[in-house]
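Thanks for coming. I will go through one model today, starting with a single residue and then widening out.

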Amino acid sequence: MTDSTASDPAAEVLARCLALYEDMSFSRVRRWKEAHPGGLAIGALPIYVPRPLLEAMGCLPVSIFGGGDQLDVIRGDSYFQSYICRIPRSTLELAMGGQLDVLDGMLFPSICDVIRNLGGIWNMLFPERFTAYVDLPQNFDRDIGGRFYTGELRRIAAGLVGRGAKPPSDEELRAAIRRENSRRRVLSELSALRRREPWRLRASEAYLAARAGSVLEAQEHEAWLRELLAALERREARAYDNVRVVVRGAFCEQPPLGLIRTLEAAGCDIVDDDFQLGLHFIEGDIEEDSSIDPWTALSNAYLDRGVATSSRYIGEATKGDALIESVRAAAAEGVIFAAASFCDPALLDQPMLEAALDRQGIPHTSLKYAENSGQFQVIREQAGAFSDAVKLWGSAA
Amino acid sequence: MSNPAMTQSAQLEPAEKDQSQIEQKRMIADHFERLARAKAEGKKVVYTFVPGNLTELIGALDMLAVLPEINALQSGMRKKSAGYIAEAEKAGHSEDVCTYVKCDIGMLKSGNIGPTGTKLPEPDLLLLSYTGCFTFMKWFELLREEYKCPVVMLHVPYQTDGEITPEMREYIVRQLKDVVIPAMEQVAGKKLDMRELSRRLQLSHRAEDDLVAVWESARHRPSPIDGYFGGVYYVGPIFSAFRGTEDAVRYYQMLRAEVDERVRRKEGPMTPDGPAGEERFRLVVEGPPNWTSFLDFWRMFSREGATVVASTYTRVGGLYDKGFRHSPDEPLESLADYCLGCYTNLGLPTRTALLEDYIRRYEADGFLINSVKSCNSFSAGQLVMLRELEKRTGVPGGFIESDLVDPRYFGKANIENRLQSYLQMLEARRGRASA
């Protein structure tokens, strides 16, 4: 036991999460494959893929968030123009450097033109590997979009079976859904704790805890999260006089951990965010009832309870309502828009969301980052000025 | 996403006009006049996008189409886009995002004056044909905020593997039947007459036959057409408000006859400076053109004797030269297949295969990618396509960068230098091959 573990009961589990976060060689995935002969490790780009389907097929879903700030991108840069965001470059760099050899396939969900086309690039550069585009429907009628989506899931599953994955039985799929629900309930408990006592669980720590789920099966991840939750109850922590903020725009390319910590150091308690949104993409449980076809349950969850985010069509709903609801639910005092440079979905959404916040008198500020941003002084000053302004005057002015 | 033009601007007019161009100009003027009178006459106006546009449906319901991408490129040609983009950026739109969107928003905030100088009517419906471009969804969400009018979404699945599956087709047809057409009927105040829709699809079919014949003419030497700069004219009617009309049928008959005549006379295409001189280079081009310096850009090619024998940009509003035609017999199914087949709705391997086919079919000396900052749908992956095409065909590729309608990203000297170096390389290569 280290000194920090002795003084902080959460330190050990958080250190494990940090180690996974920093491990660009995906050694945890390699170990999983050794322990599960014949099991496939399937990478998935943000935002959302139905992880229970993969687990039910004996696959390990692996969330791929690019190379963060730990990877020199050289070859990846040669495939993209300067005006394209960084996550496809570093993802390609990882692949060309062999770090992604451990994966047996990759899923590219429909989120934006760049991630979609990255799937095409994958097809061309690595034709021997399994690659699938996950075309998430924008029609949310169960009989139209749902039917299409269920077909998509079955198509992807058939492709994986062709690569050696196990065809999922209904019971296995239900069991995987139950495990996923259970994991997500603990994530929700952590989120609730963070909203209640943000000083007890900082956003940067919650981030690491969730991020561990990128390479862990749902059940194992849940065990880690429960361990953390128990440790946090024992943690001695005192409240800070910070401003409570919601962060939006960081659902795909991730900000460096240093940036999240910088916001915290600048006096912001991040009480809600859309970092690595995939694990939080479904609100509430996926139906587990044995009377419901589990494929349909996965589909219904996406159609009926997918969170409002930029890549999802909101129909007749009012733009910004979901964000305002999040602000209210988290009792936040302001919003920080943090989007990756050249992120079309986030940046095109932002003016509409800002307008919605303005109408409600909710203060906000915005910044851009790349996953490898290394200089945070300007961001610290901006966030500091924002939190001071909100605290003093209740506005960003 | 980027799209072809209804070419109206005086600055785009070549030195000599073909009869088809005069006819197109009349058609466009008539359309904008109809738009100007729309509100007074109680006509409903539908804003929609070029890829996946449902022009026959709009027409069959007696509504008028406005295509915001075309407004944006027209603004680029008329040197208005810089101001409009500045206006949008001042209002909080990021410098990183699509300049078509910002140009359109800026134009709206500046009074929404269309290319003919009259105010464009506000939309009664935003028909979000969500085909091959994620930005489309954001664009119409932004417009909905401004116009407070209904939006109807048609989600077109992406053709990742170059194959239209029955599930994809069924998904679109169900949306058309259960969502899109009812929403359009409600706005139009009338029921859709399927016979009228079929009649229009038959007209589309005829125009498409003639357009394909025009594309095919580029197999001749010299090519009687320029399939990129000139191609922008050719696709104007069929990619916009005229598909499924007698006007379009007449236009394409006229165009085809003119092209046939040029073939007979062994003439090259028209250029901004008159008839083309000797055909020195035959090129295939991937990516949209720059609109703010369109004529300058074209002249960089035409003055070097470079003719574009095929381009992918002229397939974003419909890919017809692989056999697809709208069908009066299966109206909704053929609308579905049309949407699915638009160029930017095709996966990168399919796009690469299409370019490879063009390079071989039209015996191109080289292929060039104009990578535009604004359009990730086109641009992301083009460097992989470049390498792959060189590997497959042995034909050298060139790469230049510009933007659709933001003049800040059109570096004339830089682009010209790159292009000239590229053409010199092709020339030297040709010399080595014949030595």
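Start with Asp113(A), which counts as buried, at 4% relative accessibility. Keep in mind that this is a predicted model. The cut-off for buried is under 20% relative accessible area.

What does the side chain of Asp113(A) meet in a salt bridge? The partner is Arg116(A), with 3.4 Å from N to O. Arg116(A) is buried as well, because its relative accessibility is 3%. Helix 6 of chain A, residues 113-125, holds both Asp113(A) and Arg116(A). They sit three residues apart there, which is about one turn of the helix. In general, side chains of opposite charge can pair when their charged atoms come close.

Lys166(A) and Glu172(A) form a salt bridge, and their closest N and O atoms are 3.1 Å apart. Buried, exposed or partly exposed: where does Lys166(A) fall? Lys166(A) is partly exposed, with a relative accessible area of 40%. Glu172(A) also counts as partly exposed, at 29%.

Now to chain B. Glu261(B) and Arg265(B) meet through their side chains in a salt bridge, at 3.0 Å from N to O. Glu261(B) has 26% relative accessibility and counts as partly exposed. For Arg265(B) the relative accessible area is 48%, so this residue is partly exposed too. Elsewhere in chain B, salt bridges with shared partners link five residues into one network: Glu23(B), Arg26(B), Asp30(B), Asp247(B) and Arg250(B). Over all chains, a search of the whole structure finds 77 salt bridges.

Let me step back to chain A as a whole. Chain A has 15 helices and eight strands. The C-alpha trace of chain A spans about 60 × 55 × 50 Å along its principal axes.

How much of chain A is buried? Of its 397 residues, 64% count as buried. Among the contacts in chain A with a separation of 6 or more, 76% come from residues 24 or more positions apart. The accessible surface of chain A is about 14,300 Å², and carbon and sulfur atoms account for 49% of that.

Last, charge. Chain A carries 44 positive and 57 negative side chains. The centres of these two sets lie 1 Å apart.

That is what I have; questions are welcome.

Conventions: Residues numbered from 1 in each chain as written. Chains lettered and ligands numbered in written order. Predicted model: local features only at pLDDT ≥ 70, side-chain atom pairs only at ≥ 80, totals over all residues. Heavy atoms only, no water. Helix = DSSP H or I, 4+ residues; strand = E, 2+ residues; numbered from the N terminus. Buried < 20%, exposed > 50% of the residue type's maximum accessible area, 1.4 Å probe, protein only. Contact = heavy atoms within 4.5 Å. Areas by Shrake-Rupley, 256 points an atom, 1.4 Å probe, with all protein chains shown as cover. Lys, Arg positive; Asp, Glu negative; His and termini not counted. Charge placed at Lys NZ, Arg CZ, Asp CG, Glu CD. Salt bridge = Lys/Arg side-chain N within 4 Å of Asp/Glu carboxyl O.
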